[in-house]
Amino acid sequence: MMAFITHFSKKRPLNLWAWLLTAALLCLPLGLTHATEAVPSAKETGNTPSLVLEVSDGSLLLSAHFGFTLPAVVEDALYKGIPIYFMAQADLLRERWYWTKKTVASVQRRLRLAYHPLTRRWRLTMGDGDMTEATQGLTLSQSFDTLDEAMAAVRRTSRWKIAEVRDIVPGNKHVVTFSFELDTSQLPRPLQIGTLGQSDWVIDVRLSQAFDPESIK
């Protein structure tokens, strides 16, 4: 606790006002910090990240659920009709006592989220490789009425084939790493330049799961 002692005299009547102004300024930062709230973590909001592995028909499948907040600038870009791209990557690694982990398999999946003002609907497209307006090949598209519904699908990965069971060496410990991020390289060129060094355009989710081959059969 801090105590302020000021000596008053009839010859210097302004000391009282100076003391009151100083006290007010010292109290000002307390009011400002009180108005700032911390962003709740995934655990606090009930979106505890999870990663589950399973084997089916000779394939290693990955299911993941994770939470993150869509930055305001990204949401604003979506409502302006600019498609936003995400990239998910999964790596299967084998531990080696004599060297670093060996990458057994690595797969990527890209997601494209776009808002259509005329229909006021959201369209989410998922597939391998680059996702552009002229994307051809194997893709999966879904439509949603709201952004919340679309983002619920973005934050969830179900039964994604990441490797063949024959690639897993019995008796060796393995690790699966999963990452999910905003892919700014797919944005229009002027917007790419504007996002450089901007933390508001960063989404970075990292999950990992160590396992013994026998434990997932």
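1. A residue counts as buried when its relative accessible area is under 20%. Keep that cut-off in mind for V175, discussed below. The model here is a predicted one.

2. Begin with the sheet. Six strands build an open sheet, and their order is β6-β5-β4-β3-β8-β9. The pairing is antiparallel. In general, strands of a sheet pair through backbone hydrogen bonds, either parallel or antiparallel.

3. Now look at the edges. They are β6, residues 139-144, and β9, residues 204-211. Each of these two strands pairs on one side only. From one strand to the next, the twist averages 15°.

4. For W122, the bridge partner in β6 is F144.

5. Helix α3 spans residues 147-154 and touches β3 (84-94), β4 (102-116), β5, β6 and β8 (174-182). The direction of α3 makes about 15° with that of β5.

6. Next comes V175, which sits in strand β8. Is V175 buried or exposed? Its relative accessible area is 10%, which is under the 20% cut-off, so V175 is buried.

7. What is V175 in contact with, leaving aside its neighbours within four places in sequence? The list is D91, L92, L93, E95, K101, Q209, A210 and F211. Of these, L92 falls within the residue range of β3, 84-94. F211 falls within that of β9, 204-211.

8. Finally, compare sequence with space. V175 and D212 are 37 residues apart in sequence. In space, their C-alpha atoms are 8.7 Å apart.

Key:
Residues numbered from 1 in each chain as written. Predicted model: local features only at pLDDT ≥ 70, side-chain atom pairs only at ≥ 80, totals over all residues. Heavy atoms only, no water. Pairing = 2+ DSSP bridges. Helix = DSSP H or I, 4+ residues; strand = E, 2+ residues; numbered from the N terminus. Axes fitted to C-alpha atoms, helices over the stretch in contact; angles between N-to-C directions. Contact = heavy atoms within 4.5 Å. Buried < 20%, exposed > 50% of the residue type's maximum accessible area, 1.4 Å probe, protein only.
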